[in-house]
Amino acid sequence: MATGPAASRIGLLVAVIVLALAPVILPGRFWPHILSITLIYAVFALGQNVITGWCGMLTLGQAGFAGVGAYTSALLTKDGGVPWIFAFLAAGALSGVAGALLAIPCLRVKSDFLSLVTIAFNQLFFVVANNWMDLTRGPMGITGVPGMGLFGWTARGPAQQLWLMLAVVVLLYIGVGRLTAGPIGRAWNMIRDDETAAGAVGVDVTGYKVLAFATGSLLCGLGGSLYGHYLQLVSPDMFKLDDSLLMMQMAILGGLASLPGSALGALLMVLIPEMLRSSSPWLITLRPGIAGAILVILMIWRPHGLLGTGVPPQLAIAGHALRRAFGLKPSHPELRS
């Protein structure tokens, strides 16, 4: 039986084949739409995971960077006539630069305050997008965003859109997999596990943190481009603080520092609300609370998520505090005191 990287490659290949065949096996628009939304959120969760899972920084404003990418791509294609693929790359680049520019001053403060600064960035983005009427059309948003396509071909219909996004997401996952398996990934893991020790052995802690923040923001910008062109709409309400919290929930639920965990978290957090949507009215009312309850349970029993391999110290401490509150044994013996 294959194990390790070979098993991961086989699992990825099987997942790609299943997703590619889904529009054929499951005709209609519902399941291709659910899987397309899952693929988009899998990119968001992957960006969140790079920052939080691999490098150990808590950020709660990634929807703002996704919004930067979505608006960039929408404006370039609709008003500038730029082909989608170039607008897609520009969206990622601008979001990555914005992430790096925010990270440089933010990393001068402690991680707890970093969360607050990123929340403020998300709120600032929402206010600007909601009020800059000349550029963003304010609350009305940008409608009629051109669809995705390559070299004169435009993806039409749910199946073609799903296949194009699947190809993009697979390339992004392979790229992040190679990045996190190499020296950069090992440096991020050292910083997450013990920042002081990493600095003592010569790791450029600030430089690698900025790189992680920029990479995660770049991925969210690319996801924002996919989101806007898939829905053919970009509006401020698509990138609120609630969406940042959802990205964090997906990353934690699926598994921190885990490539398949990012996709699994996105799939579960998209599927669970859809399954409850057709259930009893009282279950629909409780949908937001159910997601929160799942996270509390994970913080207690598996703070690194379902498939995760690493956990930031802040989340480990939060899980330890919850276990103490419920009178349970600490999951990390080193946190007993």
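**Charged pairs**

I began with Glu 195 and Lys 209, whose side chains meet in a salt bridge with 2.8 Å from N to O. I placed Glu 195 in helix α9 (residues 195-200) and Lys 209 in helix α10 (residues 205-231), so that the pair links distant parts of the chain, 14 residues apart. I noted that the model is a predicted one.

Glu 195 counts as partly exposed at 40% relative accessibility, whereas Lys 209 is buried, with a relative accessible area of 12%, which I call buried because the value is under 20%.

How many salt bridges does the count come to? I find that it comes to three.

The next one I wrote down joins Asp 79 and Arg 137, with the closest N and O atoms 3.5 Å apart. Asp 79 sits in the loop between α3 (62-78) and α4 (84-106), and Arg 137 in the loop between α6 (133-136) and β1 (142-143), so this pair ties together parts that are 58 residues apart in sequence. Both residues count as partly exposed, Asp 79 at 48% relative accessibility and Arg 137 at 26%.

I also recorded the salt bridge between Arg 192 and Asp 193, in which the closest N and O atoms are 3.0 Å apart. Here I checked each side separately: Arg 192 is buried, with a relative accessible area of 7%, while Asp 193 counts as exposed at 53%.

**Nonpolar surface**

I turned next to a nonpolar surface patch of about 880 Å², made by Leu 13, Ile 17, Leu 21, Val 24, Ile 25, Leu 26, Phe 30, Trp 31 and Trp 163. Which helix gives the most to the nonpolar patch? I find that α1 does, with five residues; α1 (4-25) and α2 (30-54) each supply at least two. From α1 I picked out Leu 21, which is partly exposed, with a relative accessible area of 42%.

**Annotated spans**

Last, I consulted the UniProt record, an unreviewed entry, which places the feature "transmembrane region" at residues 6-26, 38-61, 81-104, 113-133, 162-181, 210-230, 250-272 and 284-301. I looked at two of these spans in the model. Residues 81-104 are 88% helix and 0% strand, and their end C-alpha atoms lie 33 Å apart. Over residues 210-230 the chain is 100% helix and 0% strand, with 30 Å between the end C-alpha atoms.

Note on methods:
Residues are numbered from 1 along each chain as its sequence is written. This is a predicted model: local features need pLDDT of at least 70, side-chain atom pairs count only at pLDDT 80 or more; totals for chains, interfaces and linings use all residues. Side-chain values use heavy atoms; hydrogens and water are left out. UniProt positions are given in the numbering used here, feature names are shortened, and annotations may be inferred rather than shown by experiment. Helices (H or I, at least four residues) and strands (E, at least two) are DSSP runs, numbered from the N terminus. Patches are made of residues with over 30% relative accessible area and no salt bridge: like charges are joined within 9 Å, nonpolar side chains (Val, Leu, Ile, Met, Phe, Trp, Tyr) within 5 Å. Accessible areas come from the Shrake-Rupley method with a 1.4 Å probe; for residues, only the protein chains shown count as cover. A salt bridge is a side-chain nitrogen of Lys or Arg within 4 Å of a carboxyl oxygen of Asp or Glu. Buried means under 20% relative accessible area, exposed over 50%, partly exposed in between (1.4 Å probe, protein chains only).
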